[in-house]
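Please keep the sequence and the coordinates at hand while reading.

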Amino acid sequence: MHKILVPIKRVPDYATKIKIAPDSKSIQTDGIKWIINPFDEIAVEEALRIKETFVGKQEIEIIVLSIGPEALGEQIRSALAMGADRGILVSSDGLIDSSVAALVISEFVGKESPMLVIMGKQAIDSDSSQTGQLVAGQLDLPQATFASKVTVSDTWDKATVVREVDGGLETIGVSLPAVITTDLRLNEPRYPSLPNIVKAKKKPLDIIPISSLSVDATPGLEIVSLELPAAKKAGIRVQSVAELVEKLNKDAKVI
Amino acid sequence: MSLICYVEHSNGKLSKTAFSTISAALQMKAVQGYPKVIACLIGSDGVASAAEIVSEYGVDEVVTVSDSSLQNYLAANYAAALKEIVEKFGAKGVVGLSSAQGKDFFPRLAKLLGGVQASDCLQVLPGGEFKRPMFAGNIVATVRLTSEIKVITVRATAFEPALKVSSKASVTSHSISFTPDTKAEFIAYESSKSERPELTEAEVIVSGGRALKSAESFQSVLSPLADLLNAAIGASRAAVDSGYAPNDWQVGQTGKVVAPKLYIAVGISGAIQHLAGMKDSKVIVAINKDPEAPMMEMADYSLVGDLFKIVPELVEAIKAVKSS
C-alpha cells in the first residue's frame, strides 16, 4: 500500500472582510467563516484522483493532516467527506506559520512514509507560498511546485508534473517520494455527497497535541504589526469614450 | 555580514524585474546595515555576459556560478548552488524575487541555511523589518525574521529598477562543489510568449474578463487596443478558467502581480483576488456594464456600457488623439 499525505490549512473564507484585532498583531476571528484553503482542497481532490486511477492496481491511503485549534476537525471532516481515508489533527493554540507547519509535516512524513505529499501552493491568508518547499528542503525530497498536471508512473517510482511558471509551462520528472504543490488549474474539487458526509463521521481522526511532537513550535516570522493598506482616492465616472480619452490624455497623461 | 542578491536571468537575458531585485538589495544595505551587496547569477548560457551588465548597477561585487548542470533550472540544484555562495561569503542575508523561480527555490534555500523567509516583501524597514501583504493584499504586515540568516523575496513592482552607476563592480566566477541532484529532471518547457511586452514589464496592460464571451472575441476586441498602446494583455481568473486566455496571463493574488502606468480592465468585475494583483497600478480604467462592480469602484476612471461597442470606439478615439 502507498500513502499520500495531504496537509491542509483552515483559512477565512476569501469573501470575508478581514478586520485587525485590538492587539494590532492578529485578525479578529469573531464571525469568520472558516474554509479549507482552496489550494489545499485542490490537493485533496488530486490525491483522490490519483487513488481512483489506481483502483484495482494499487491500494492507496490518503491521510489528511492539519495543525491548529481542535475546531479545525470540521475542515478535516470535510476532506474525509470528499473521500480521504483518515485524518490527523495536531492541536495547537499558538500561531502556526510556514516554519512550524513544515516541521510538523516533516515529522509526519517520517512517521507515515508517504510516497507523495500534496498540498496547496499557498494559503490565501498568509500568502507566503513556502510550506511545501520547506518540507522538501527539510527532508531532501524532490519538489514540484505550482502543478497544473500530475501523472504518477504505474510502478510508483516517478511522477511527471507540468508546472505553471513565468512565460509558460514547464514539465519536470520527480522520483518518489516527492512533494507536490497545487496550482489553480490542476482540477476542480468535488462536493462531498450526503452518504460520504455520513461515512466521514466514522473515519479515524487522531488528535495529537503539538507538545507531544519533537518540534520547536516557535514561529520563525514574527508579526510586529498589521495595518490596512492605504485607501485609494475615489475615482471618476466618465460618461463617454470622448470624456475618458480626454481625461487619460490631459489629466492622467498616460496616452 | 554581506547580503547576497540573487539576480534572475533567462539565458543571459535580464528583465526589468532583475533590476528591481538589485534595488531592493541596495535598500537593505542602506537601511538595514549590510556592509556589502554581492550579486549572484546562476546558470550556464549567458551568465557571464549578464553578470557584466549587473556589475554596472551599484552592487559591490558580482559572482557567477556557471555549470552545465545548472543550464535548466531545478529547485534543488539552484538552492544548493546559492547556499554555497552564501556560506563562502559568510553572508547573513539573501534577497531574491517573488517570481515563479524565486517562489520555488527560496524557501528550500532558507531551510538549507537554517534561516527563515519573508515572502513577497513590499518595503524595507530599519531594524531588519519588512512590510509584506497578507490576505490578498487586504492586510499589510510588518514582520521581523527571527533567524540569524535572513531570506527575503521581494515583489518587483514595489521597487523601482536600479539605475546604472559610473563605477563597475568586480565579477568573479565560482564552480560548484556539490553533486547535482538526480531526484528531479527537467523534461520540457513550453513557452506561451507572444510578441507583446511581458505582463510584469509593460507600461500599459489591457486586461479582459469573462464578459468577453469567447477566446475569439477576447482577442479580436482587446488586440487592437493593446497594439495601439503597445500593451501587454492580462486576464481575470474567470477568463483564464473559461479558456479565453493562457494561464500565465492571469493577473491576481495567485497569478501575476502588476503595477503598470495604465491598467485598462475590460469586462472584469473585480474579484478580491484579481484586485490584489493590480490595485497598485498608477491609473486604472474600468469598462463594465455593471456600475456596481468592485472594479468600477476601484478604478480612477470608470465607464458604464457595452464593452463590445466601447472598446472599438476607444481605439478610434485614441488613434485620433495620437495623430493630432
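Leaving aside residues up to four places away in sequence, Gln122(A) touches Phe39(A), Asp127(A), Ser128(A), Ser129(A) and Thr254(B); two residues are in contact if their C-beta atoms, placed from the backbone, lie within 7 Å. This is a predicted model, in which local features need pLDDT of at least 70 and side-chain atom pairs count only at pLDDT 80 or more, while totals for chains, interfaces and linings use all residues. Residues are numbered from 1 along each chain as its sequence is written, and chains are lettered from A and ligands numbered from 1 in the order in which they are written.

Gln122(A) lies in the loop between strand 6 (116-120) and helix 4 (131-139) of chain A. Helices (H or I, at least four residues) and strands (E, at least two) are DSSP runs, numbered from the N terminus. Gln122(A) is buried because 29 other C-beta atoms lie within 10 Å; the term buried requires 20 or more other C-beta atoms within 10 Å of the residue's own, exposed 12 or fewer, and partly exposed a count in between, with C-beta atoms placed from the backbone. Pro38(A) is 84 residues away from Gln122(A) along the chain, yet their C-alpha atoms are separated by 9.1 Å.

Chain A as a whole contains six helices and 13 strands. Of its 255 residues, 46% count as buried.

Helix 6 (residues 241-251) of chain A has Val241(A), Leu244(A), Val245(A) and Leu248(A) as its buried residues. They cover an arc of only 95° around the axis, so they lie on the same side of helix 6 of chain A; the arc is that of the directions from the helix axis to the C-beta atoms. Lys250(A) and Asp251(A), on the other side of helix 6 of chain A, are exposed. The buried residues of this helix pack against strand 13 (236-238) of chain A, and also against strand 15 (283-288), strand 16 (301-304) and helix 9 (307-323) of chain B. Just after helix 6 of chain A, Lys253(A) adopts a positive phi of about 55°.

The contact between the chains takes 62 residues from chain A and 66 residues from chain B. Strand 9 of chain A gives the most to the side of chain A that touches chain B, with eight residues. Strand 13 of chain A and strand 16 of chain B run parallel and are joined by three bridges; strands pair if DSSP finds at least two bridges between them. Arg237(A) stands opposite Ser302(B) in strand 16 of chain B.
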